[in-house]
Amino acid sequence: SKRVKNKRISRNIIIGSVAYILPPLGDPSRPKGIPDDHTKRWTVYVRQPEGDPSLTTWLNKVQFKIFNTYENPLRTCENPPFEVTETGWGGFQIDIRLHFQPISGEKAQYRTHFLQLEKYGSEEQQAKQEAEGLVRAEQLEVVQFNEPTEALFDALTAE
Ligand code: SLL
């Protein structure tokens, strides 16, 4: 489809993860069926910033490539929420593939996110993570469409 010359449209996304400590082995409140060595429950996600229009105008599908010991390590989300929840014991790099709506004519783009399970940052930040019982790590990412197709341009400018 035809492209709009000399135009660039950008959209922001948030890529993040949140991790919670699981009740220890032997604790009656520990959920069943989790491997004994798993200490955390975590979610990795792609979402729009608060108040932004829905991502799905331009984002069709998100794939998360998690650590290769997990079952089916390439996880595909065809619809929001674009997220994967798992349990585990260690952090690792997650490769994220953003697939755009077919009207965009765009190739997939890649991002990475480190799954942070342990407390991090200043003493104050770590104290807050400790008190809330969760560790969150987020990054703001910009997705740029250079010379977007007319169909994508129209969809994005109608928002
Ligand atoms: C590394 N950081 O890069 C380490 C790997 C992998 C963590 C950490 C359990 C996976 C499963 C889990 O948390 N693995 O149960 O399959 O070498």
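The model is predicted, so local features need pLDDT of at least 70 and side-chain atom pairs count only at pLDDT 80 or more, while totals for chains, interfaces and linings use all residues. Residues are numbered from 1 along each chain as its sequence is written, and side-chain values use heavy atoms, with hydrogens and water left out.

Me: Why is histidine 113 called buried?
Reply: Buried means under 20% relative accessible area, exposed means over 50%, and partly exposed is in between (1.4 Å probe, protein chains only). Histidine 113 comes in at 3%, so it counts as buried.

Me: What makes histidine 113 and serine 17 a polar contact?
Reply: You need a pair of N or O atoms within 3.5 Å; within protein, one must be able to donate a hydrogen and the other to accept it, and residues adjacent in sequence count only if both atoms are side-chain atoms. The side chains of histidine 113 and serine 17 are joined at 2.8 Å.

Me: Which residues does histidine 113 touch, leaving out those up to four places away in sequence?
Reply: Contact means heavy atoms within 4.5 Å. Among them are Ile15, Val44, Phe92 and Gln139.

Me: Why is strand S2 called largely enclosed?
Reply: Strands are DSSP runs (E, at least two residues), helices are runs of H or I with at least four, and both are numbered from the N terminus. In S2 (residues 40-47), 6 of the 8 residues are buried, so the rest of the structure largely encloses it.

Me: How do you know that S2 pairs with S1 and with S5?
Reply: Two strands pair if DSSP finds at least two bridges between them. S1 (residues 8-21) has 8 bridges to S2, and S2 has 7 to S5 (residues 82-88). Both pairs run antiparallel. Valine 18 stands opposite threonine 43, and arginine 41 opposite threonine 87.

Me: What makes a nonpolar core, and how many residues has the largest?
Reply: It's a set of buried Ala, Val, Leu, Ile, Met, Phe, Trp, Tyr and Cys residues joined through side-chain atoms within 4.5 Å. The largest has 30 residues, and those with the most contacts inside it include Trp42 and Val46.

Me: Which residues are around the ligand?
Reply: The cut-off is a heavy atom within 4 Å. His38, Thr69 and Trp89 are among them. A side-chain N or O atom of histidine 38 is 2.8 Å from a ligand oxygen, and a backbone N or O atom of tryptophan 89 is 2.7 Å from one.
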